[in-house]
Amino acid sequence: MKKTILYLFVFVAAQLLTGYAANTISKLWFPCTDSSTLLLISSATCSIFVIILFTTLKWCPVNRTYLRTKPWATLIWSALFAIGAIIPITWAQEFIPETLRKDIIGETLAEMLKSREGYFVICVLAPLAEEIIFRGAIIRAIAKWWKEKGKSNVSSEWYAIIISSILFAAVHANPAQIPAALAFGIFLGWIFVKTGSIVPGTIVHWINNSFAYVMLNLFPTIPIDAKIADYFHGNQLAVAQAIIASLFIALPSLYQLIKTKRCTPHISEI
């Protein structure tokens with residue numbers, strides 16, 4: 001568990017330090033810089049730093065072993081699941097009381113996603129960095145810790161998936177993002193444990209973040225925290241049809257992923 005605390009501390013510290021540095025430099029030399037640009041710079045710096053640190057120190061071992069197995073079917077089903085799960089999860093979130101899912105960075109995030117640079121930072125760099133930390137490093141560390149406590153391989157992995165998902169949701173620090181982050185975190189943890197690779201999860205993470213970018217740019221007048229019905233002009237029948245169509249994509253994809261044969265050792269043994 002000490003490793004888990006260390007990994008989480010390094011990630012949070014990197015976020016705080018890069019944010020502080022960006023603000024300080026802005027006040028000294030670029031006083032007119034807006035908050036979204038500052039957050040974009042600090043997010044990019046933080047992501048690059050943790051990617052280099054975690055891979056260099058082998059906190060998250062990186063190799064081509066998984067890709068050499070040519071897991072194209074798994075990657076395709078993962079991508080399809082991500083596409084199909086977005087609307088149902090977003091819709092389910094709407095039933096959570098608004099006071100518990102207040103969006104405190106929605107406007108800033110929307111500004112960041114209006115540019116190509118923002119897309120690269122939020123949809124490419126951030127997913128890769130977070131998968132390296134929360135799946136590649138933290139799940140592995142937690143699973144080993146529970147294994148040392150006498151738990152079975154399967155139990156230790158599920159403890160690791162749940163705990164890492166909670167941590168993943170918590171570090172977003174934005175109530176509006178936490179429910180979806182928790183739901184996707186569980187899937188991302190499970191697919192990592194099943195494949196032993198962060199590649200499928202990174203693809204899912206990239207698609208999920210890219211969806212926000214696409215919707216913001218296709219519907220610039222609709223706020224980022226809008227309900228699903230707002231995209232269908234309040235037509236609830238269209239919302240129901242979109243949810244059902246999405247489930248027809250997500251559920252068969254999940255079924256195929258469940259059927260996929262596990263070909264890696266238990267994470268707690270690596």
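The dialogue below goes through these features in turn.

Modeller: This is a predicted model, so local features need pLDDT of at least 70 and side-chain atom pairs count only at pLDDT 80 or more, while totals for chains, interfaces and linings use all residues. Residues are numbered from 1 along each chain as its sequence is written, and side-chain values use heavy atoms, with hydrogens and water left out.

Colleague: How many salt bridges does the structure hold?

Modeller: Side chains of opposite charge can pair when their charged atoms come close. The term salt bridge is used for a side-chain nitrogen of Lys or Arg within 4 Å of a carboxyl oxygen of Asp or Glu. The structure holds two of them. One joins Glu111 to Lys114, with the closest N and O atoms 3.0 Å apart. The other joins the side chains of Glu131 and Arg135, at 2.6 Å from N to O.

Colleague: Is Lys114 buried or exposed?

Modeller: Buried means under 20% relative accessible area, exposed means over 50%, and partly exposed lies in between (1.4 Å probe, protein chains only). Lys114 counts as exposed because its relative accessibility is 53%.

Colleague: Where do Glu131 and Arg135 lie in the fold?

Modeller: Helices (H or I, at least four residues) are DSSP runs, numbered from the N terminus. Glu131 and Arg135 are in helix H6 (residues 116-148), and because they are four residues apart there, about one helical turn separates them.

Colleague: Now the serines. Which residues are in contact with Ser164?

Modeller: Contact means heavy atoms within 4.5 Å. Leaving aside neighbours within four places in sequence, Ser164 is in contact with Phe134, Ile138, Ile139 and Ile142. Ser164 belongs to helix H7 (residues 153-171) and is buried, with a relative accessible area of 0%.

Colleague: And what does Ser253 touch?

Modeller: Not counting residues up to four places away in sequence, Ser253 touches Trp77, Leu80 and Phe81. Ser253 sits in helix H10 (residues 236-259) and counts as buried at 1% relative accessibility.

Methods:
Helix = DSSP H or I, 4+ residues; strand = E, 2+ residues; numbered from the N terminus.
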